[in-house]
Structures are given as C-alpha cells and as structure tokens.
Amino acid sequence: METFDQVIVGGGPAGYVAALRASGLGQSTALVEDRELGGTCLNRGCIPSKTLLQNAEAVNCVRNASAYGIQIEGFHLRYEEMLERKDQVIRQLRQGVQSLMKKGRIQVFSGRGRVHTNKQVTVTGTDGKETIVAGRAVIIASGSVPAVPPIPGLDETDYYTSDTIYERRSLPASMTIVGGGFIGTEYACLYQSLGVQVTVVEAAERLIPQEDEDAAKMLAGALEEAGVTILAGTSVTSVRQQGEQAVINVQDASGNSRQLTTDLLLISTGRTPVIAAAEDLHLRMYGRFVEVDGSMQTSVPGIYAAGDIVGGWQLAHAASAEGIIAAEHAAGASPSMDLSLVPRCIYTFPEIASVGLSEQEAREAYSDIKVKTVPLRGNAKAMTMGESRGFIKIISREMFGEILGVVMAGPHVTEMIGEPAAYIHLEGTIEEWSSQVHAHPSLSETLFEGASALFGRPVHQ
C-alpha cells in the first residue's frame, strides 16, 4: 500500500487543480479518477458547450453579415464537423491535463475511489481489481451528475441531459428544454442559432432566477426576439414517447394546461452531487451536500471536500478555488482564495456576468445602497459592433464608496468581469474606480461611466 501526503478523489476542476497545488507545495500526491481527466467541465460540460457556442456565434455573424455591408449568398451548417472540432478541443485540453500530472509527478490511479475513515482509499478499476492507497489527507472532489426530476412518464421517454446531448450527431428540427437556468439558457442560444426551433420551460417566474432580474429580462427579450419560445412559471406534469417525438404536458401558475410535441427533449434542471466515494464516512451534511468549514475540511479531520459535492455555486472556477483552499490547508499553508468573490458567467447571446452581491441582496443587507445602471447603447465600441442591447450595473454603499457587486450584460462581459472582481477583492472604492483611465473605444468604458456617476462626477450622462 502506497502512502501519499494527499490523495485526491476526482479528476475534475476541483480535483486536478487541488493535485497541482498540492504538488506545487512539495506534497507527494495521488489522484484517483474513474473516467477522463478534466471531469464533466472539460469532457461533457463547459468546454464542449463553449466550443459549440463559438460556432453558433460565427453562424450569427454570417447570418447578419448584410448589416455590415457584406453579402453572403447562402451557407450551410455541417453539425458533424462542429462536433469533430469540439472533440479536438477536448482531446487537446485533456492531453494538457495529463502532461501537467506528469510534470507535477502526480500519480494517477484509474478507477472508482472509496474513502475510509482511516484516510485509506480503495480504488476499484474497470476490471474489478482493487488497489489501496493512503493519504495523510484526503480531498474528495467527486463532482456531480445532471439532476433528473421525477416527471411521470420520463423513464419511458427518450431524453437527453447536458452529459449526453452530444451523443446525438444530427440537429433536430425542434427542441424543448426543461429548465431555464445557466445551462438551459446557454443551450437555447446554441441550438436556436443553429436553426433549431427551441422552447424553454421554466418553473420559476423568470429565466435564470438565481441572477439579476434586469439581466434576466434582457436575456428573455433577446431569446424571444431570436424566435425562442419561453414558458416561465410553467411546470411539466408528464411526458410520453410518441414515435420519434416526445409529447410534454405542461401547466402554468394559473392552472392552464397545454401540450408540446418536440423532436428532442433536454432535461436541464440542475445537478446533484455524487457522494458515493464518501458513503463510509458518515459525514455531516446539509441537505444533499457535504458540509465543510472555511478550509474545506469535512466533519472528519484530515478529510476535505471540494467542488459540486459541497454545493454553493456549482461552477468550474469555484470548484478549482475550493480545491486550492483544501490542498493548501492540508499542506499546512494558509488558504489564499476568497470564495465570496466567485464571478458568475452565463455564455448566452448576449452574455451575462456578475460578481459580489446582487441588488436585492445588497438592499436586504444595507440601508445606504446606491445603484447605477449604464446602458451599452450609448457606448461607442458597442455601436461599432452593432450591439445595442446590454448594460452594466454597479451596486455600492454610500458609506466609504464600498463596491458591493456588479452585474454586466452584453457582448464579451464574461471577459470583463475580472476588473470589478479585482476592485472588490482589493477593497477599492468608487472614487478610485472613477479615477482609472479606460481605453477608448472599449466596452469597459461603461464601468468608468458607472463609477463616475456613483461618485457624483458623471461624464457622458
């Protein structure tokens, strides 16, 4: 039996990043993974969806080329080639992770890990052979799988999830997406752009209910303008298979029922943690998730958890930050990440990005809130791009000019969210932000405009 300083169970964004940080701190490190390195994000989630969204953005550019004085006489979509490009990106990134494991002298064990209270991990390979490794500390980063609600008839109906959608190698004529959160809205944008007739069914009263209401309204407007049908405040009561199609029965908040028929049914109702690796530990839980302290340590000393199994924002970069905190603490170092400042990014058309408190959260917490919203329609760079839809919203306190949160909606805002995140992280003020020179023309000028207005020195307003 080999013993390591740290054994990490799970090779996704939390697990492999934790292994890299542990190795970088001089820890002997083992990583246990029963599928491909990179986890769901690299192989089935973030990377494939963003790769195809890039294809969709290119399609939209071609489709709207006449607005820029470019006449294109017809074009054809080759979905199979798009999927091949997606697969190539995945292979390249996966090879990169494998190279990093070798460079860091991290020993990778292929198989399903099961953690015991003595910090030993039983690794069961695909051939059934068992290997036992031990760690002075163990980090459980076993991830999550798509949550599938108990809809009557679903077990007898063909459906896809975000883990399986790319198994279909052709585009359907129509698609119904159950769930209008981060994942569901991204797929709505993707497949609508590729010519699919998309319907989104969301039980909450609006799309992306966990995000800013103004951003949600703007996104809903953009989707509907593009031809997507949105049924918010609507629940699925049952489904059934009818030949090659799915028949979906839905009911709105007023009790009105209707029936939808679709070529492809996509279930996108969140993700549920995979905690089989920790079942022998009897860890303290909160709901479905493993409870951890600020160092990501569970109720069993020396055993940590990170990523989707601990809840919170189930985002790849949040998982990586949690993995780093766990590895650092297990190595005796001081954790260096602040989980209160996780940027939230939605890669829709237009994109949505936010960090810190929402306007509603800020108003509930403080009495001296100031909010400034700057629309993109007056921004020169947005005009050159032909983008009139979007805004930035800065939420601050009147006392000391503290920046509490920022919401951005528009093109490329997922690339811009790092600036407001840095200001909040470094405890910058509205006064300091308003004194920073921003390039012209750029979308980031809207941040300057918002900060200047909040400081009482508006420029182009």
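Tutor: What follows takes the helices, the aromatic pairs and the sheets in turn. This is a predicted model, in which local features need pLDDT of at least 70, side-chain atom pairs count only at pLDDT 80 or more, and totals for chains, interfaces and linings use all residues. Residues are numbered from 1 along each chain as its sequence is written, and side-chain values use heavy atoms, with hydrogens and water left out.

Student: How do you know that the span of helix α3 agrees with its number of residues?
Tutor: Helices are DSSP runs of H or I with at least four residues, strands are runs of E with at least two, and both are numbered from the N terminus. The expected span of a helix is 1.5 Å times one less than its number of residues. Helix α3 covers residues 46-63, 18 residues, so it should span 26 Å; the end C-alpha atoms are 25 Å apart, which agrees.

Student: Which residues of α3 are buried, and what covers them?
Tutor: Buried means under 20% relative accessible area, exposed over 50%, and partly exposed in between, with a 1.4 Å probe and protein chains only. In α3 the buried residues are Pro48, Ser49, Thr51, Leu52, Leu53, Asn55, Ala56, Val59 and Asn60. Their cover includes α2 (39-43), α4 (79-103) and α5 (182-193).

Student: Why is Gln192 called buried?
Tutor: Gln192 has a relative accessibility of 19%, and so it counts as buried. Gln192 is in helix α5. Neighbours within four places in sequence left aside, Gln192 is in contact (heavy atoms within 4.5 Å) with Val198, Ala226 and Val228.

Student: What makes the rings of Phe182 and Trp313 a stacked pair?
Tutor: Rings of Phe, Tyr and Trp (its six-membered ring) pair if their centres lie within 6.5 Å; planes under 30 degrees apart count as stacked, over 60 as edge-to-face and the rest as tilted. The whole structure holds seven aromatic pairs. For Phe182 and Trp313 the centres are 6.3 Å apart and the planes are at 25 degrees, so the pair is stacked. Phe182 is in helix α5 and Trp313 in the loop between β18 (303-305) and α7 (316-330), 131 residues apart, and the pair links distant parts of the chain.

Student: Why do Phe182 and Trp313 get their accessibility labels?
Tutor: Phe182 has a relative accessible area of 12%, so it is buried. Trp313 has 33%, so it is partly exposed.

Student: Why is the pair of Tyr423 and Trp433 called stacked?
Tutor: Their ring centres are 4.8 Å apart and their planes are at 25 degrees, so this pair is stacked. Tyr423 lies in helix α11 (residues 418-425) and Trp433 in helix α12 (residues 430-434), so the pair ties together parts 10 residues apart in sequence. Both Tyr423 and Trp433 are buried.

Student: Which residues form the aromatic cluster?
Tutor: Tyr79, Tyr166, Tyr187 and Tyr191 form one aromatic cluster.

Student: How are the axes of α1 and α7 placed?
Tutor: Axes are lines fitted to C-alpha atoms, for helices over the stretch in contact, and angles run from 0 to 180 degrees between N-to-C directions. The axes of α1 (residues 13-24) and α7 come within 7 Å and cross at roughly 35 degrees. The contact involves residues including Ala14, Val17 and Ala18 of α1 and Ala319, Gly323 and Ala327 of α7.

Student: Which strands form the five-stranded sheet, and in what order?
Tutor: Two strands pair if DSSP finds at least two bridges between them. The open sheet has the order β19-β20-β23-β22-β21, with antiparallel pairing. Its edge strands are β19 (344-346) and β21 (369-375), each pairing on one side only. Six bridges join β20 (residues 351-356) to β23 (residues 403-410), and six bridges join β22 to β23. In β23, Val407 stands opposite Ser354 and is the bridge partner of Lys393.

Student: Why is β23 called largely enclosed?
Tutor: Eight of the eight residues of β23 are buried, so the rest of the structure largely encloses this strand. Helix α6 (residues 213-226) lies across β20, β22 (391-397) and β23.

Student: What makes β11 and β13 edge strands?
Tutor: The order of this three-stranded open sheet is β11-β12-β13. β11 (234-242) and β13 (257-262) each have a single partner strand, so one side of each is left without a neighbour in the sheet.
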